[in-house]
Each structure stands twice: as structure tokens, then as C-alpha cells.
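This report covers helix packing and pockets. The sequence and structure come first.

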Amino acid sequence: MLRLVKLELQKLLLNRASVVLIFISFVLPFTVLILSSIKINFFGFFTLELGELGIFNFPIIWHITTYFAAFFKLFFAIVVVSMIGNEYSNKTIKQNLIDGLSKKEFILSKFYTIVLFSVLATVLIAVASFFIGLYYSSYNEASIIFRETEFLLAYFIKLVGFFSLCLFFGMLLKRSAFALAFLFVLYIFEWIAFWIILRATSSEIAWKVKNFFPLESMQNLIKQPFQRLIMTKYPENIDMAYDYAVYWYELVIVLGWTAIFVFLSYRLLKQRDL
Amino acid sequence: MESILTIKNLTKKFGYLTAVKDLSFTINKGNVYGILGPNGSGKSTTLGIVLNVVNKTSGEFSWFDGQTTTHDALKKVGAIIENPNFYPYMTGYQNLKLVCRIKNVDYSKIDEKLAVVGLLDRKDSKFKNFSLGMKQRLAIASALLNDPEILILDEPTNGLDPQGIHQIRTLIKQIASEGTTILLASHLLDEVEKVCSHVLVLRKGERLYSGRVDEMISSHGFFELKSVQHGTLVSFLQNNPDFISVKEEGELITAFLNQPMDASTFNKLMFEKGITLSHLVKRKESLEEQFLKLTDNN
């Protein structure tokens, strides 16, 4: 396993474009987080301190940071599709197999790298949230601090699932740009399918079905935190209440898609003549 | 004799096209094999199948008497296919390091093999800045990293200049002289004639000939003849069982022998029959003529 990860890391880290993208995908969410946590003084007119809004209080900080950090996954998604696209355009995939890498090992080396990246991203966001939370939060009992850390697990699963989808599209289309475009096509397709089901049945059933679709199921893992923020400010607004928790079956759906995408990537490679 | 690769009834279809048709052959240790065939005869497809990048339609192949899986067997094989495929953004050394990781080979081999192909002084240049000849030599270095039991080369001199071709051929001969089994696919006949001991001739995915190169060439040869008594000579040759066939091209008559006969015996025979020859040459077919005969007539 270590051999396969090293193999892929060599391919990635010697490529300047990938290094820049990996760097951005790690550093950018981190920077945004740090910047938003400091007090910004607008030339003495007024000061903006997001911390005052209570977004950095435990336990809501886990929800907020994972929700926003997830947007930066797109940078690493580019890396994932290009690590497949480059293998095809350089024909190195053929040479790798001729040199004695099995097709299974080829896919696994990509998948392990995805997992490794997701672990690093999760750890980074966890550490950053923890310290910013400690600084701003008025609570400091461990029971409150570590409540809702399941958002971190959801964040990790979400990343792995999304990158596996990118891996599959990369294998399917062989070209990075097409693969990224296909992500968008899938997004539209999910909405069209939703609309068709909505017409045929009810909104309740349509949403239930859509929650099983790949992109929606990943989106659904960490639900938007805005409503929750308003709720904490104005607890009397009962009608704003919604369910923002992470459920086990939502994790299972995304894990299921991950398994399907990795398996399909393997099947595709196995059946293809290079 | 120890067999390295055995192919049995291998068939590959691309849709309606049959690229390889019921092909069987065996590669034994220590020989230099050539696969000859015109473009599109199934050479690369056959190699692609045994190298795990093309899926077979039917038939079987086994490496090293089937004791290992194909991808493990490939760790003991060195192969380059048509174009050298490496990561353009890595240096020569880094590319070979990657191959070492795949094949589980010690990194100390890299400098050794780079020296063999004469690229040691360019090892830190990026692959994309290499000339085609250098790329091809890097590919050979990469194929040699694991000290392979068999080296497979598919059109190794394709697109190279005469010097590059010469360098690669010298390299192949040198490697062969060290006892490495080599399988060389080519449509260049003199390449195969100069380098190989055994040859497999393919046409449209079918095997036309398989055996030693010298046996393939060693027909009994032919006479090129000219005479004033053209008609008498032709009818004599056609009725003589010693000759398989007679061809006429203008004045020149080519008579193919059915059994050994030297020029002086033939000349004497002609003299006895009262035919005077104005031109008599005995020749043997080159591999090229033999090859064209095989691939055209069937």
C-alpha cells in the first residue's frame, strides 16, 4: 500500500501544476478561516468581527467550517481528474501496466492518494477549528467542545466520495476537461431527474429519491448552516427549525457511491484495450 | 529448453476486424526472436495482449510456464512499445525511479543502466527536452532496470535517424550477446535479418512462418538466365522436375530450384542440350524476397 501511495505521490509532487493546486486546496480554506477569525477594522469606521456572530462557538463551529471548507474541494478535484487525464495523454498508463503494475494496483494507487488527501484535509480543518473555537467560544467543557464532531467524519466521507466520482469520470472520459464538465452535467441531470419525479409524484418523494443521487447525497451530508445560525440568534423563530444533523444512513449512501465509483473505474480499466 | 512465453490459439477481434487469428508460438530462453509483418498484421496487438494492455478475445498465453500471474511475470520482463512513454515533466532519472518503484527494483540500478545506454550525463534533464533517439534509449534503460529475462521491443528504431538506428541496433546486439532473450517486432527486414536467430512472420493476424531465420532463407536458390534460344530454354525448364517454377520478365528468365544444383552442373546440362546461355547467375533469396513471397502469395 505504501508503495502505491509513494508511486502516486511521486507522479503528483513532481508536477508543478498539481503541486500548486494541492497547495491551494490546503492553504486557501485555511487562510479564509484565519482571515475570517481576525478582527478587521475598516479604516476606523467600523470593525467587522465574524466571531461576534457566534459562528466560532462550539459546537456550531464544526458545522460551519466543514461546510465552507468543502467548497474548496474543487481544487483537488482538478488534480484528481488531471492525474487520470495525464496518464492517458502521456500514455504512461500503458507503460505502467507493461512495467508490471496490475490494473487493480493502478486504481488503488489513485484511490489511496484520494483517501490520504482527504485525511490530511480533515485533520487540518479539525485542528484549525479546534484552536479558533477555543479562542472564541465561551464554552470550554470537553463535552461541548467535542459535541457534533461527526461533522468532521461527514466532511471526510464527503471528500472521499466526491473525489471517487472525479476518479470515475476521469477514467470514463480520459480527458480532464471533459471529466470536470461532466460533473456539471451530472448536477443538471440530478435536477432534471428530480423535476420528472416531482411531476410524477410528490415533492416529498422527489426529495427522498434525490437524496440518493451521488452529488445530492454528498451535498446532503453537511447541510447549510445559515438557518441554524439565525436560529441561535433568534431562538423564538420556531418555524425556522430544521434537521441539520448527520445521519448514519446518509454516510452509508455516500460510502456506497464511493465503492461503486471505484469498482466501476476498475471495471472500465479492465475491459479497455489501451 | 526453458520456455519463457507460450501462446496458444490466441485470437483478438476489434469489432468485425480480426487482428490476431488463432496464433500459437513459443519463446524459448536464450534466442533472439523477430516478429515480422507488414503494418497492421497484428504484431503490436499480440505484444499488447501478452503485456496485459489489450484484452484477448479467446485463446491462452502463459509466462514462465504459467507459474506467476501476468503482472508479476511482467516484473521480470522488460518491454517498450512503439513510442517511449514517460512523464514529460520528470527528469530521466526520476522517470526510471518510478519504474523501479513499480518493479520493486533497487535505485542503484538506475545509474548502471543509464550508463549502458549512454545517458548518464543527461539524467537530470527533463524527459520532454530529450531527442527521439534519447527517449528511445531511455526506454531501453527502463526496460533493462530489472535485468529482465526477456526484452520485448516493438519497432525500436521507428522514426529514428540513421545514427540513432545504428546506436539502438548496436545496443540490442550487445544485450543479446549477454544472453538475454529478445523479442523484436519490426517491419524492417534487414533489422530482423541482422539481429534475430528466429523469426515469426505474420500477415493479417495469421502465422505464415515460424522457425529459424537461416532456414527461412535457405531455399535452394534460383538461376537468372538469358539465351538466344528463349523458347527452347523455357519449355526445357518447365518440363524439368528439378525446377519448381519459371518466371519470364522480358528476356530474363528466373528458374527456381526444387533441389540443390550448382551453376556449373546446370551450365553443362545446357551445353549437352545444345542451348547456349548469354547470361547465367545463381542467387539465393534474401529475407526480403522470401518475406514478400510469403506475404503476397498466400
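## Helix pair in chain B

Helix α3 (residues 92-103) of chain B packs against helix α4 (residues 108-116) of chain B at an angle of about 125 degrees. Their axes are 10 Å apart. Axes are lines fitted to C-alpha atoms, for helices over the stretch in contact; angles run from 0 to 180 degrees between N-to-C directions. Helices (H or I, at least four residues) are DSSP runs numbered from the N terminus. α3(B) and α4(B) are therefore oblique to each other. Angles under 35 degrees count as roughly parallel, over 145 as roughly antiparallel, 65 to 115 as roughly perpendicular and the rest as oblique.

The crossing of α3(B) and α4(B) is right-handed. That term applies if the near helix is turned clockwise from the far one by less than a right angle, and left-handed applies if anticlockwise. Tyr93(B), Leu96(B), Lys97(B) and Cys100(B) of α3(B) make the contact with Ile110(B), Asp111(B) and Leu114(B) of α4(B). Contact means heavy atoms within 4.5 Å. By class, the contact of α3(B) with α4(B) has five nonpolar, no polar and two charged residues. Ala, Val, Leu, Ile, Met, Phe, Trp, Tyr, Cys and Pro count as nonpolar, Asp, Glu, Lys and Arg as charged, and the others, Gly among them, as polar.

## Model and conventions

This is a predicted model: local features need pLDDT of at least 70, side-chain atom pairs count only at pLDDT 80 or more, and totals for chains, interfaces and linings use all residues. Residues are numbered from 1 along each chain as its sequence is written, chains are lettered from A and ligands numbered from 1 in the order in which they are written, and side-chain values use heavy atoms, with hydrogens and water left out.

## Helix α11 of chain A

Helix α11 (residues 214-221) of chain A packs with helix α13 (residues 248-271) of chain A at about 140 degrees, with axes 9 Å apart. That makes α11(A) oblique to α13(A). Their crossing is left-handed. The α11(A) side of the contact is Pro214(A), Ser217(A), Met218(A), Asn220(A) and Leu221(A). The α13(A) side is Glu250(A), Leu251(A), Ile253(A), Val254(A), Trp257(A) and Phe261(A). Eight nonpolar, two polar and one charged residues make up this contact.

α8(A) also packs with α11(A), at about 160 degrees and with axes 9 Å apart. The two are therefore roughly antiparallel to each other. α8(A) passes α11(A) in a left-handed crossing. Ala154(A), Ile157(A), Lys158(A), Gly161(A), Phe162(A) and Leu165(A) in α8(A) meet Leu215(A), Met218(A), Gln219(A) and Leu221(A) in α11(A).

## Pockets

The largest pocket has a volume of about 490 Å³. On a 1 Å grid over the protein atoms alone, a pocket is an open set of points where a 1.4 Å probe fits, with protein on both sides within 12 Å along at least five of seven lines; lining residues have an atom within 4 Å of a point. Volume is the space filled by probe spheres set on the points, which are joined across faces, edges and corners. Of its 18 lining residues, Lys73(A), Phe162(A), Tyr187(A), Leu215(A) and Gln219(A) are the closest to the centre. α9(A) gives the largest share of the lining, five residues. The lining divides into twelve nonpolar, one polar and five charged residues.

The second largest pocket holds about 380 Å³. Among its 17 lining residues, Asn211(A), Asn220(A), Lys223(A), Asp243(A) and Glu250(A) lie nearest its centre. α11 and α13 of chain A each supply at least two lining residues. This lining has seven nonpolar, five polar and five charged residues.
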